[in-house]
Amino acid sequence: MQSTLQSRQDRRRNLSSWLLSLPTLIWLTCFFLIPYLIVIIYSFLSPDIYDVKFEVSLDAYRQIFSGDYLRPFLLSFRLAIYTTLLCILLGFPVAYFIARSKEKTRNLLLIFIIIPFWTNLIIRIFSWRIFLAYNGVMNDTLINLGIISQPLEILRTDLAVILVMVYVYLPYMILPLYSVLEKLDFTLLNAAMDLGANEVKAFFRITLPLAVEGIFAGTLLVFIPALGAYLIPQLVGNQQSLYVGQVITYKIKNIPRNWPMASALSLTLLLLVAILLLLMYGLYRRHQKRSQWQ
Amino acid sequence: MDDIILENLSKDFGSFRAVDNVNLVIKSGELFSFLGPSGCGKTTLLRMIAGFELPSSGAVRLGSKDISDLPPYKREVNTIFQNYSLFPHMTLFDNVAFGLKVKRIHKKEIRDRVYEMLNLVKMADQAGKYPNQISGGQKQRIAIARALINKPSVLLLDEPLAALDLKLRQHMLIELMNIHDAVGITFIYVTHDQSEAMSISDRLAVMNQGQIVQSGPPDDIYERPASIFSAYFIGETNFISGVVTAVHEDYLELDCQDGSDRSFSIDSSFQSAPEPGSRITLSLRPEKIAIARNKPRYQEDINMLKGQIEDILYLGTHTQYIVRVGKLKFRVFSQHKRVYFDDKALDWEDNVWLFWHDTDTWVVDMAGDETPDADLNESGNLQRYVKRGKS
């Protein structure tokens with residue numbers, strides 16, 4: 001008797017939760033699942049000048065696995081790794097400083113971190129172009145100060161790409177780092193120093209291990225978008241080193257178009273990201289298992 | 001083994017003087033307590049000995065060495081923190097081993113010494129657990145083991161039992177004393193709990209508003225408080241204040257401004273007699289007063305007062321009577337003795353006699369400026385004084 005009542009309640013609860021998630025499900029099906037299915041189907045078709053021929057072909061994958069597109073992938077990985085590492089190195093001290101500030105200053109500093117989000121990304125990248133250009137603000141200033149005699153050619157180099165990438169993605173690293181450091185009990189550092197650890201040892205044995213979760217989260221937020229970066233390399237990079245994102249775009253933009261190739265490249269990138277995510281998840285689980293305190 | 005010497009030690013936080021010109025010698029091997037209300041500067045004092053705060057002026061010495069400016073990791077001093085501050089991401093073994101690991105000592109030796117410490121605190125079988133898997137009392141033991149493994153000259157304990165419940169606190173207190181005896185180093189203990197400080201310490205210092213009000217062995221401070229603050233903060237007491245009208249050889253007359261001249265014998269062997277005309281305050285511990293229905297037989301060295309019971313609080317181990325004597329109120333603690341059970345029990349409104357030995361009347365204040373007002377005595381406590389303290 002009671003069990004039937006309970007199961008009826010369960011069923012009702014199930015039904016209502018389905019109803020509640022229906023709009024999201026429809027949205028995701030229309031704009032996520034179906035487009036991906038189209039991409040998967042396209043990757044197995046043959047290219048035509050503007051569209052695709054409906055003939056099954058594995059040419060795109062064959063080309064990818066024969067290594068024709070190794071360079072863009074390597075470039076993208078290098079960019080993602082550099083960006084992530086620099087974001088950790090630059091973001092950690094900032095997050096630490098904010099976490100240790102007084103409450104009022106802390107909120108103010110967090111607002112400063114968030115303010116760039118209020119300006120459109122493209123506008124921010126263009127302002128970097130103005131800043132870094134051959135006759136731009138930076139070169140003018142440095143020449144006027146007499147530090148350099150010739151303008152530096154930074155715009156349209158890989159350095160410029162990394163610079164702007166770090167600028168754009170730094171907040172995504174600082175915020176998760178801040179959220180773990182803010183919870184860190186700083187008397188633990190006192191305890192470590194009391195027991196004979198100097199500042200450096202206390203940092204590596206206490207602060208860093210306790211901030212691992214923030215580093216994980218920040219890395220996810222920075223590394224994955226950096227891998228597929230298109231806009232920044234396109235606007236401040238050069239055409240000699242093309243990143244995966246750019247190659248995919250060109251396959252669709254330039255005529256003759258190659259939809260299957262673009263689709264196959266996208267899926268390969270997706271696969272690599274998925275493998276990476278799994279690896280990181282595995283690492284994270286191992287870290288969690290080792291420290292049952294969480 | 002060296003003494004800890006505090007010389008003219010002061011610490012300012014902005015315009016607030018947390019520690020005010022403290023001079024003290026804590027002998028090697030001693031179990032010394034700092035006792036005071038929160039905000040009295042005792043924790044700041046401890047943090048200066050540990051090295052977490054630098055003195056604004058004065059010095060901290062360990063024997064002949066001035067350690068005032070040394071960072072915490074270069075001092076032979078270890079601390080047990082109020083909330084233990086165990087490292088949550090390390091096992092208990094690694095927590096205890098921390099001090100040795102940062103010194104890059106050989107693994108085999110680390111293992112041996114960690115287990116030696118874990119055995120001392122009876123936690124060896126739990127070495128693989130994490131701090132969040134053990135109880136408060138066990139965390140306390142691990143904190144002790146972790147602090148002692150470096151073989152410090154001095155162990156600092158910052159309210160180490162505050163987070164434990166009463167029974168466990170009593171148990172850990174005894175264990176702390178045993179550990180102190182076992183390792184034989186100086187323990188400096190900070191607490192606001194007077195019973196903890198009284199029971200554990202060889203000597204203790206009562207602190208108020210950044211200064212040491214009185215220091216000495218617990219019984220000395222309890223029986224012979226040097227100031228109103230000491231008498232008030234440690235234990236419970238009755239204050240009697242008034243103007244001295246006459247000083248006789250073995251007693252003095254006091255005008256308590258309650259309409260009657262009262263005569264009190266005070267113990268003159270410990271204290272110098274006050275001048276006639278000066279305003280003084282006496283302290284009289286409630287348990288020193290005897291209470292009876294019948295007038296006691298006259299004795300030279302006994303003080304007697306006639307009063308009326310206003311309130312009775314039964315407290316198990318003893319009963320507290322509030323007795324009104326003219327305008328004054330006295331608190332009296334009386335134990336229940338089976339031999340008196342034939343007597344009719346004392347009741348509200350009963351007329352009773354209070355009497356006590358003259359050595360139990362103790363002058364705590366001769367200057368008079370700290371004297372609680374008569375109307376405060378009227379309400380049976382020291383509200384004005386409490387407000388003036390920084391608690």
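**A buried loop residue**

Reply: Glu159(B) counts as buried, with 20 C-beta neighbours inside 10 Å. Buried here means 20 or more other C-beta atoms within 10 Å of a residue's own, exposed means 12 or fewer, partly exposed is in between, and C-beta atoms are placed from the backbone. This is a predicted model: local features need pLDDT of at least 70, side-chain atom pairs count only at pLDDT 80 or more, and totals for chains, interfaces and linings use all residues. Residues are numbered from 1 along each chain as its sequence is written, with chains lettered from A and ligands numbered from 1 in the order in which they are written.

Me: Where is Glu159(B) placed?
Reply: In the loop between strand S7 (154-158) and helix H5 (166-183) of chain B. Helices (H or I, at least four residues) and strands (E, at least two) are DSSP runs, numbered from the N terminus.

Me: And what is the phi of Glu159(B)?
Reply: Near 45 degrees, a positive value in a residue other than glycine. Gln209(B) also has a positive phi, about 50 degrees, and is not a glycine.

Me: Which loop holds Gln209(B)?
Reply: The loop between S9 and S10 of chain B. Gln209(B) has 19 other C-beta atoms within 10 Å, so it is partly exposed.

Me: How is chain B divided into domains?
Reply: Into domain 1 (4-223) and domain 2 (228-292 + 300-388). The bounds come from an automatic or database domain assignment.

Me: How many residues are in contact between domain 1 and domain 2 of chain B?
Reply: Eight residues of domain 1 are in contact with five of domain 2. Contact means C-beta atoms, placed from the backbone, within 7 Å. On the domain 1 side, strand S9 (203-208), strand S10 (211-216) and helix H7 (218-223) of chain B each give two or more residues. By class, that side has five nonpolar, three polar and no charged residues. Ala, Val, Leu, Ile, Met, Phe, Trp, Tyr, Cys and Pro count as nonpolar, Asp, Glu, Lys and Arg as charged, and the others, Gly among them, as polar.

Me: Now the chain pair. How many residues of chain B are in contact with chain A?
Reply: 21 of chain B, against 18 of chain A. Strand S6 (77-80) and helix H2 (92-101) of chain B each supply at least two residues of the chain B side. That side divides into twelve nonpolar, seven polar and two charged.

Me: Switching to chain A. How many helices and strands are there?
Reply: 13 helices and two strands. Its radius of gyration, over C-alpha atoms, is 25 Å, well over the 19 Å that the globule rule gives for 294 residues, so chain A is more spread out than a compact globule. That rule is 2.2 Å times the number of residues to the power 0.38. The C-alpha trace spans about 90 × 70 × 35 Å along its principal axes.

Me: How far apart are the C-alpha centres of its domains?
Reply: 36 Å, between domain 1 and domain 2 of chain A. Those cover 1-40 and 68-290.

Me: Which peptide bond in chain A is cis?
Reply: Ile255(A) to Pro256(A) is cis, with omega near 0 degrees. Pro256(A) is in the loop between helix H12 (244-253) and helix H13 (259-290).

Me: Last one. What does Met165(A) touch?
Reply: Leu79(A), Thr83(A), Ala226(A), Ala229(A) and Ile232(A), not counting residues up to four places away in sequence.

Technical notes: Contact = placed C-beta atoms within 7 Å.
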